[in-house]
Amino acid sequence: MRKTLLSGVQPSGTAHIGNYFGAMRQFVDRQGDYRQFIFIANYHALTSVSDGALLQKLTLELAMDYLAIGVDPKKTTIFLQSDVPEVTELAWIFNTITTVPYLARATSFKDAEAKNKEVNVGLFDYPILMAADILMYNADVVPVGLDQKQHIEIARDTAQKFNRIFGETFKIPEPMILEKVKTVPGTDGRKMSKSYGNVIGLFASDEEIKKAVMSIPTDSKVVEEPKNPSECKVFALHELFPGADLEALRTRYLAGGVGYKESKDLLVEKIIAFVSPMRARREEIARNPDAVLKILRDGGEVALAQAQKTMQEVRKKAGLIL
Ligand code: ADP
Ligand code: TRP
């Protein structure tokens, strides 16, 4: 039996190269090796997007993004989280076996609190809904970026706790994290994130890419001076493209003789070369939104059938069926 791979992204903004290099490319690399589910976490996005028309738009765009990066509906079940409302039922059942202090330790909650955000109950409970996503489909592996690792641990704990209380039901999922990439830095050196306005869009235009790269702050070292590549925010993005060119650039940084302007120009070139074929596919896909909606509908049916099976067993074990 093939193992199951599952992951999702929230439609809470425009996809960026951090999403791609940190997580989304793993949705494409191993297709065929796994029974694969990739979904759009629109219930999760509701914790930050309270505008129906905007959420619809972002949702359809993310579906197009998945297809443009190469997620293949013939090999992968692509679906909308909300086409399987059972997931909220499972999250509710998990809520009843999860303590408040346990969830209060989640970094996503602590970060939101530290920023003095008004934390809604949905945001507090976010990791439990994510556990329900993962466990509902019996996922073995969950490809995500490093910042989601703790959420996978919460899913593992929740599976173990349910199994202990109600009997063996759920598999314990493993995170799948690209160790070399870890966290892609944004144009300001912090984690690239939709919420920091420091992103390079995955489908950005040449001009947008140029503008973003040129805005990366650098120190005042002149061209001839040796530079430490591991302290340079421009070089950190070069590292997304490993190979002989990267090593040559590293040597030139250390020896002196490369200026930040040249380094930025090279980076712009690399990003454009990388983004433009996907951007072209994305434009092609956007011409036919009905085909995208059909893919989501079909995927939703497959996901729902699996979820109904899981829920039947869960309801029985929890004593919800007479
Ligand atoms: P954002 O922080 O921009 O809102 P999401 O939370 O929607 O991104 O993340 C979607 C996926 O992309 C997750 O698996 C997350 O771990 C990954 N990801 C997001 N930002 C980065 C980054 N800067 N580097 C590596 N992976 C990232
Ligand atoms: N929390 C994830 C993110 O911000 C999105 C997500 C929701 C997810 N449910 C999931 C990822 C289940 C993997 C598995 O990116």
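Colleague: How far is a nitrogen atom of ligand 2 from an N or O atom in the side chain of Asp133?

Modeller: This is a predicted model, where local features need pLDDT of at least 70, side-chain atom pairs pLDDT 80 or more, and totals for chains, interfaces and linings use all residues, with side-chain values on heavy atoms and no hydrogens or water. Residues are numbered from 1 along each chain as written, chains are lettered from A and ligands numbered from 1 in written order. That pair is a polar contact (N or O atoms within 3.5 Å), and the Asp133 distance is 2.7 Å.

Colleague: How much of the accessible area of ligand 2 does the protein cover?

Modeller: On its own, ligand 2 has 360 Å² of accessible area (Shrake-Rupley, 1.4 Å probe). Of that, the protein covers 91%.

Colleague: Which elements give two or more residues to the shell around ligand 2?

Modeller: The shell holds 14 residues (a heavy atom within 4 Å), and Gly8, Tyr126, Met130, Asp133 and Gln148 are the closest. By make-up, the shell splits into 8 nonpolar, 5 polar and 1 charged. Helix H9 gives the most, with 4 residues. The elements with two or more are strand S1 (4-9) and helix H9 (126-136).

Colleague: Which residue has a polar side-chain atom 3.5 Å from an oxygen atom of ligand 2?

Modeller: Tyr126 is the one whose polar side-chain atom lies 2.7 Å from a nitrogen atom of ligand 2. For the oxygen atom at 3.5 Å, the residue is Gln10.

Colleague: What share of ligand 1 does the protein bury?

Modeller: Taken alone, ligand 1 exposes 540 Å². The buried share of that is 93%.

Colleague: Which helix supplies the largest share of the shell around ligand 1?

Modeller: There are 17 residues around ligand 1, with His16, Asp147, Val184, Lys191 and Lys194 closest. They divide into 5 nonpolar, 8 polar and 4 charged. The largest share is 4 residues, and these come from helix H1 (residues 17-24).

Colleague: What box do the C-alpha atoms fill?

Modeller: The box is taken along the principal axes. Its dimensions are roughly 80 × 45 × 40 Å.

Conventions:
A polar contact is a pair of N or O atoms within 3.5 Å; within protein, one must be able to donate a hydrogen and the other to accept it, and residues adjacent in sequence count only if both atoms are side-chain atoms. Ala, Val, Leu, Ile, Met, Phe, Trp, Tyr, Cys and Pro count as nonpolar, Asp, Glu, Lys and Arg as charged, and the others, Gly among them, as polar.
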